[in-house]
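Here are some exercises to work through with the sequence and the model open side by side. Try each task yourself before you read its solution.

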Amino acid sequence: MKFTDKPLIYFIMGSENTGNRHPLTVLEEALSGGISYFQLREKGDFALTGHELEKFAGECQRLCGVYGVPFIVNDNVELACKIGADGVHIGQEDEDASAVRRKMGNEKILGISVHSVKEAALAVSAGADYVGMGPVFSTSSKRDAKSPAGVAGILSVKDAYPQLPVIAIGGITPDNAKLVWSAGVEGVAVISAIAGAEDAALQVERLQNSFRRSDRQ
Ligand SMILES: Nc1nc(C(F)(F)F)ncc1COP(=O)(O)OP(=O)(O)O
Ligand SMILES: [Mg+2]
């Protein structure tokens, strides 16, 4: 996973996140706007399954390939392995991280959700390429989300593991992204602020501009 001093914009989306807009249209807009990574996170009462999910995942993967953006699958390690995704993201309630690392091999990207320095330590030992931390602000995208933790948890993990890439997630928008950026994260993950936008490319640009406006303390 390549990290630079430019903040990563990590777009996360499932087929249910784009309202009445076609998810592939939104994804292509976001890719053309310059997202750094894409994660397919298929959740909700009408989440795609089986062949339909595999077909949709393949279409998202193809689009990411056109733009040279890594394609990550949330939770579903079996799907990620089957279609040769660039990586997976797993949470504390998902499969054991060390077992997933073994399944994926060392070349693939492994992201792990953490909420504490202790969980970050376990993620490092399992070989995580990055950790996702949040929710920073309140979020409508994750039904079982923990209560918003602000950037305090991020600061404590950054303090303990300065070299461990941290992606902040949860309610991040162009208006609050600079507060998160100033906490020293490598990037921000965004679901509804991009998936729900009329113009996803423009929203990605707004997020990029919000970082430019902020001097990183
Ligand atoms: N999907 C995620 N992506 C990130 C990333 F770092 F990539 F931004 N961080 C955190 C999560 C949350 O992952 P998880 O804890 O498994 O919950 P869910 O399966 O509901 O997403
Ligand atoms: Mg999960």
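**Exercise 1. A residue in a loop**

In which loop is D75 found?

Solution. Step 1: D75 is found in the loop between β3 and α3; helices (H or I, at least four residues) and strands (E, at least two) are DSSP runs, numbered from the N terminus. Step 2: look at the backbone, where D75 has a positive phi of about 65 degrees although it is not a glycine.

Before going on, note that this is a predicted model, in which local features need pLDDT of at least 70 and side-chain atom pairs count only at pLDDT 80 or more, while totals for chains, interfaces and linings use all residues. Residues are numbered from 1 along each chain as its sequence is written, chains are lettered from A and ligands numbered from 1 in the order in which they are written, and side-chain values use heavy atoms, with hydrogens and water left out.

**Exercise 2. The metal site**

Find the protein donors of the magnesium ion (ligand 2).

Solution. Step 1: donors are N, O and S atoms within 2.8 Å of the metal (3.2 Å for Na, K and Ca); water is not among the atoms, so sites may look incomplete. Step 4: D75 has 23% relative accessibility and D94 has a relative accessible area of 28%. Buried means under 20% relative accessible area, exposed over 50%, partly exposed in between (1.4 Å probe, protein chains only). So D75 counts as partly exposed, and D94 is partly exposed too.

**Exercise 3. The faces of a helix**

Which residues of helix α6 (residues 152-160) are buried?

Solution. Step 1: they are I154, V157 and K158. Step 2: seen down the axis of α6, these buried residues fall within an arc of 100 degrees (the arc of the directions from the helix axis to the C-beta atoms), so they line one face of the helix. Step 4: the face of α6 turned away from its buried side carries the exposed residues A152 and D159. Step 5: what covers the buried residues includes α5 (117-125), β6 (130-133) and β7 (166-169), where contact means heavy atoms within 4.5 Å.

**Exercise 4. Two helices side by side**

At what angle do helix α1 (residues 23-33) and helix α2 (residues 50-67) pack?

Solution. Step 1: the angle is about 20 degrees, with the axes 10 Å apart. Axes are lines fitted to C-alpha atoms, for helices over the stretch in contact, and angles run from 0 to 180 degrees between N-to-C directions. Step 2: angles under 35 degrees count as roughly parallel, over 145 as roughly antiparallel, 65 to 115 as roughly perpendicular and the rest as oblique. Therefore α1 and α2 are roughly parallel to each other. Step 3: the contact is made by residues including L24, L27 and L31 of α1 and F56, C60 and L63 of α2.

**Exercise 5. A buried strand residue**

Is V190 buried or exposed?

Solution. Step 1: V190 lies in strand β8 (residues 187-190). Step 2: at 1% relative accessibility, V190 counts as buried. Step 3: not counting residues up to four places away in sequence, V190 touches Y10, F11, I12, I172 and L207.
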